[in-house]
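Here are a few exercises to work through with the model open in your viewer. Try each task before reading the solution below it.

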Amino acid sequence: MTTPTAAAATTPTRRRVRLPRLETTAAWLLAIIWIFPLLYAFWAAFHPPAFMVRFDLFAPLTLDNFTDAWEQAPFARYYVNTFLLVTGIVAAQFVVCTLAGFAFARFPLPGKDILFMLVLIQLFVFPEVLIVENYRIASALGLVDTITGIGLPYVASAFGIFLLRQTFKTIPRELEDAARVEGCGWMAILLKVYVPLARPTYLAYGLVSISHHWNNFLWPLVVTNSVESRPLTVGLGIFSAPETGVNWATVSAATLLSIAPLLVAFLLFQRQFVQSFLRAGIR
Amino acid sequence: MNARLPLKTSGLAVAGLLAAGSPSAQAQTELTMYYPVAVGGALTEVIDGLVADFEAEHPDIAVDAIYAGNYDDTRVRAMSAVEAGDAPQLSVMFSIDLYELIDQDVIVPFDDLIETDEEREWLDGFYPALMENGRLDGQTYGIPFQRSTIVFYWNKDAFAAAGLDPDTPPETWEEMAEMAAAVREASGGEQWGVMVPSTGYPYWMFQAFAFQNGHRLMSDDGTEVYFDDPAAIEALEYWVSLAAEHDAMPSGTIEWGTLRQNFIEQSTAMMWHSTGNLTAVRGEAGFDFGVAMLPMNTQPGSPTGGGNFYLFKGASEDEQRAAMTFIRWMTAPERAATWSMETGYMGVSPAAYETEALRDYVEAFPPAAVARDQLEHATAELATYQGGRVRRVLDNAVQAALTGQMSPEEALAQAQAEADAALRRYARSR
Amino acid sequence: MVIQSADRRMQVYGALLLLPAAVLLGTFAYLPTVATLINSLFLPGFRGAPPEFVGLENYALLIEDRTFWKVARNNLIYALGTIPTSIALALGMALFVNARLPGRGLVRMAYFTPTILPMIAAANIWMFFYAPQIGLFNSLLGSIGISGPNWLGDPGVALTSVIVMTVWKEAGFFMIFYLAALQSIPPELEEAATLEGTSRWSFFWRVTFPLLMPTTLFVLINALINAVRVVDHLFILTKGGPNNATNLLLYYVYENAFSFFDRTYAATITVVILLVLAVVATIKFRVLDPRTHYQ
């Protein structure tokens, strides 16, 4: 884990190579191409449907598309579901992965390396690939069409266990010993020493996890049946199913509605997001 | 610490339990139904409105109507609810899901619940053509609700611009190809002549072509298909020729979902589409348009399409009675009339067209009666055992031919072989 | 003796700490994996009949299933189409925003933003671009007199269209990792190289690129996994059509399991996916991990 480099990502003091003009142009051109689809969605969402493919700077602005979308599908409920889902998953992941990461970092377990490898296998065998069997299991457990059912397969995240184990390992034993002298038990040591010192990792992992589960689609699609448990992505997928002879402007508005919270959060906390992705990704 | 895990997740579980629709403590009977929307417009609002009206009239029954996407999605959702032990009491599903629903042993025939003469009369009151897909072995499993046929939409302004009589739609395949080519030419390549959708439900459109060529694609008992018949091949060849020879239709596949938009934007002068789009087209078209029956080759006609009400197994007697009450209410002439006017789907019984509202509507807007008139020439929609896979292989064949990957003959021969294999695999495990 | 029992207590304690994760992983990773293997040996029971054991018959069917081979080939093309392109673009983007550039923050944001959109939302937007006749691409092409292709409806083009969208979605994500790696390269290296008169081009190939190798491999593994895992966009863009031209393995699994009610055949295809992932995992653990530091 080379977390220090993450901090460097935005350090302004570094001397940078100045780009030749041609490359500056290329960089900007690429940036414009990359952001264009989103800008286009904005354009479409705020103008009457007739202007979808006809650009007119003075086309009338309207919020009708948003009201249409809002009225045609229970987006409020979808928001609540996604919110419950994401907070539930992240909270449960924190607990389960902290315990497991702590065990791997500090406890002598027979066959620990093999156990750890077994955990890491989940990095490759993820719930989506096993939709058929996982669906059967969720069904047997009575979890179909529940938010718990969407989240539970992701709670024991190998990735989270791995990250926390790595972080815990970097924490000096002396701190732990000092706490023990003060009479702390293992749980107290974990909560008072390890968890606080791993805060950056939690933040990083939390942000990555939030954006992953906010955007997740296939498993929620399979395991939800009704409005009461459907998250935003599935709601949006159903709303814009091409079969319904979609009104593009409305779909654009619905699309923006579903990405808005995460997008706004991203724009506000861009630095944290980028650093989190870095921190979580680099080993 | 371990004890915290269940606590953490129980917050989610509560939301989940709510979602599961716990049985009510009150005397009210609660019903859950899934329903699809396959064509344009804000149909979910219309359904919600109808449900609210019903609940106001029947305070002892509460209906939770869940919009589940298109027909395929709805089948997946309903089946998954059944598997999870949370079967709905009723649902609107694809009329052709009949065989698979019976196969999975999840529905009951309406005949089991029919007691009075009045109810018998209600059951016999629908258009017979709409009952075809809902009956098996003398039992009725599906009650027509959002039913359609494919109809022909044309842009009168575009016809006029091309020097055609704006009020005369093509009656034969030949005429359609000629008129479409004429429009294309007159517009200087700006406008396509005709579009027939080939995603979403390609098998349905193909079935129309085949039927107009005098051919039915499946046996009455749903165990055999006849895709590679010369009449079927000829039908597909005609469809392909619209793009390949007449240059009247774009090559490649044509998207079901965006086709209405294409018609509205006048990028095509004619389209084949579900009558369920009628009201949306009427609301959005900025030009004069007409609706007619599909053109014919040896005979006119279209398959029926759309969704039926089904009753699910496992409901209590009270729930079944309540479900019957609801279905009868929803399919009563006045509602069928409202539903037809709001959407373009047809009124499912002759009585619906005799209501004052729908009579006046049809008089003022004759296209609203086209789907009904076409029923006389209608055939059942493609339905077999293993329907999902069988339809998919036919869809693939149609797309392969339209995109020039295979000749119609090759494509249909392959589809026949694949459908046979699927039906064999099924017959084995039966 | 005391030490030993303390050790034992530690072991029990550690095992307890692992328990929740172990139960959950067992339920949602190992159990379903084993069940998949077993179910692939059965015929689904129709009309309430019990599933029938048929040995390897499903695998025989798979080998004869033209659609399966087509889908597998599509997935390979999809991987070959998305991975090198997004990696190259990601590297380019990282080099751009690592250098002095007016509006660097904005540019970086533009590159990264697609990453945080749901695939479904991205697909919705691109659907409008790709629609023939009235879609944005063909409207633009039309205005300069070119009649554009049927992006999603022509089997020769459709998979490429899907690939392009995926690259757009993924490149920014991979850029981040390159950016981090670039910033760990000491600037002195480049200064020294400049003094020696080494061209930027040869500096990149001889110094920067080799130093970035671990990152490239890491990104490669991630991209490989994504090429198998992410099929969300197909639900919106093509549903695997036309004529399976854009169908991918996982989507084919979904179709078989949930549209065709053939869960055991779906399990058989899943086994193939698991094999592919096993290869990727082996590459990662055997080949890459000696270089990465688990500490």
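**Exercise 1. Check annotated spans of chain C against the predicted model.**
Task: What is the helix content of residues 12-31 of chain C, and how far apart are the end C-alpha atoms?

Solution. Start with the coordinates, remembering that this is a predicted model. Residues 12-31 of chain C are 100% helix and 0% strand. From one end of this span to the other, the C-alpha atoms are 24 Å apart.

Next, turn to the record. The unreviewed UniProt entry annotates "transmembrane region" at residues 12-31, 76-97, 109-131, 157-182, 203-225 and 265-285 of chain C.

Finally, take another span from that list. Residues 109-131 of chain C come out as 70% helix and 0% strand, and their end C-alpha atoms lie 28 Å apart.

**Exercise 2. Describe the side of chain B that touches chain C.**
Task: How many residues does each chain bring to the contact, and which helix of chain B gives the most?

Solution. First, count residues: chain B contributes 30 and chain C contributes 27.

Second, find the elements on the chain B side. Helices H3 (71-83), H4 (98-103), H11 (256-264) and H18 (387-402) of chain B each provide at least two residues. The one that gives the most is H18(B), with five residues.

Third, sort the chain B side by class. There are six nonpolar, 16 polar and eight charged residues.

**Exercise 3. Take chain B apart into domains.**

Solution. Step one is the assignment. Domain 1 of chain B is made up of 25-147 + 305-373, and domain 2 of 149-304 + 381-428.

Step two is the spacing: the C-alpha centres of the two domains lie 27 Å apart.

Step three is the contact, which draws 27 residues from domain 1 of chain B and 24 from domain 2. On the domain 1 side, the elements that each supply at least two residues are H4, H6 (128-131), S7, S11, H14 (333-343) and H17 (370-374) of chain B. H4(B) gives the most, with four residues. By class, the domain 1 side has 13 nonpolar, nine polar and five charged residues.

**Exercise 4. Summarise chain A.**
Task: How many helices and strands does chain A have, and what share of its residues is buried?

Solution. Chain A has 15 helices and zero strands. Of its 283 residues, 54% count as buried. To finish, consider contacts in chain A with a separation of 6 or more: 77% of them join residues 24 or more positions apart.

Definitions and conventions: Residues numbered from 1 in each chain as written. Chains lettered and ligands numbered in written order. Predicted model: local features only at pLDDT ≥ 70, side-chain atom pairs only at ≥ 80, totals over all residues. UniProt positions renumbered as here; feature names shortened; annotations may be inferred. Contact = placed C-beta atoms within 7 Å. Nonpolar A, V, L, I, M, F, W, Y, C, P; charged D, E, K, R; others polar. Buried ≥ 20, exposed ≤ 12 C-beta atoms within 10 Å, placed from the backbone. Domains from an automatic or database assignment.
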